[in-house]
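Subject: Structure for your review

Dear colleague,

Please find below the structure that I am handing over to you. My notes on what was found in it follow directly after.

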Amino acid sequence: NLASLTMPNLVNVDGVINVDYNDNLVDLTMTSLNYVGGGGIYTGPAIEVYGNNNLASLTMPNLVNVDGVINVDYNDNLVDLTMTSLNYVGGGGIYTGPAIEVYGNNNLASLTM
């Protein structure tokens, strides 16, 4: 029954972030997050937010660098996706998909990067 996931003091993730299939999650906010990546030989996305049917807001306003890829897919009620400080996405080893994929978010009204 998680409705809100907030990590106000998380700054760096030396690995990956997966937030998948949380049907009651409405808000995902990581206000201080600056860097994600460096997960070794992991071949998937550095940030994956997938299949959270009620997620309305995804906010990472201070995210600057992602060493890997970002996938935000199939969050049917996502209205606002904000990553206003994003400066670099890439690297990530042998992953061959797109660097940023935002797909199947049927109600997305605002995308700010």
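I begin with S57, which is buried, with a relative accessible area of 18%; here buried means under 20% relative accessible area, exposed means over 50%, and partly exposed lies in between (1.4 Å probe, protein chains only). S57 belongs to strand β7, residues 57-59. Helices (H or I, at least four residues) and strands (E, at least two) are DSSP runs, numbered from the N terminus. Between the C-alpha atoms of S57 and A99 there are 21 Å, and the two residues are 42 apart along the chain.

Two remarks on the source are needed before the rest. This is a predicted model, in which local features need pLDDT of at least 70 and side-chain atom pairs count only at pLDDT 80 or more, while totals for chains, interfaces and linings use all residues. Residues are numbered from 1 along each chain as its sequence is written, and side-chain values use heavy atoms, with hydrogens and water left out.

Strand β3 covers residues 17-20, and its side chains alternate.

Strand β3 pairs with strand β6 (residues 47-50) in the parallel sense, over 4 bridges; two strands count as paired if DSSP finds at least two bridges between them. Within this pairing, I17 has I47 of β6 as its bridge partner, and V19 stands opposite V49 in β6. Strand β6 in turn pairs with β9 in the parallel sense, again over 4 bridges. There, V49 has V72 of β9 as its bridge partner.

Strand β9 also holds D73, a residue that is buried, with a relative accessible area of 4%. A polar atom of the D73 side chain lies 3.1 Å from the backbone nitrogen of Y103. For reference, a polar contact is a pair of N or O atoms within 3.5 Å; within protein, one must be able to donate a hydrogen and the other to accept it, and residues adjacent in sequence count only if both atoms are side-chain atoms.

Aromatic pairs

A search of the whole structure gives 3 aromatic pairs. Rings of Phe, Tyr and Trp (its six-membered ring) pair if their centres lie within 6.5 Å; planes under 30 degrees apart count as stacked, over 60 as edge-to-face and the rest as tilted.

Y21 is exposed, with a relative accessible area of 58%, whereas Y50 is partly exposed at 26%.

A further pair is that of Y74 and Y103: the ring centres are 5.5 Å apart and the planes stand at 80°, so this pair is edge-to-face. It too links distant parts of the chain, with Y74 in the loop between β9 (70-73) and β10 (80-82) and Y103 in strand β12 (residues 100-103), 29 residues apart. Y74 is partly exposed, with a relative accessible area of 36%, and Y103 is partly exposed at 49%. Y21, Y50, Y74 and Y103 form one aromatic cluster.

Backbone angles

Most residues other than glycine have a negative phi. Y21 has a positive phi of about 55° although it is not a glycine. Y74 likewise has a positive phi of about 55° and is not a glycine.

Surface patch and a loop contact

I100, L111 and M113 form a nonpolar patch on the surface, with about 250 Å² of accessible area together. Patches are made of residues with over 30% relative accessible area and no salt bridge, where like charges are joined within 9 Å and nonpolar side chains (Val, Leu, Ile, Met, Phe, Trp, Tyr) within 5 Å. A salt bridge is a side-chain nitrogen of Lys or Arg within 4 Å of a carboxyl oxygen of Asp or Glu. Accessible areas come from the Shrake-Rupley method with a 1.4 Å probe, and for residues only the protein chains shown count as cover. L111 is in strand β13 (residues 110-112) and is partly exposed at 47% relative accessible area.

Finally, L10 is placed in the loop between β1 (4-6) and β2 (12-14) and is partly exposed, at 27%. L10 and L33 are 5.4 Å apart in space, C-alpha to C-alpha, and 23 residues apart in sequence.

Yours sincerely
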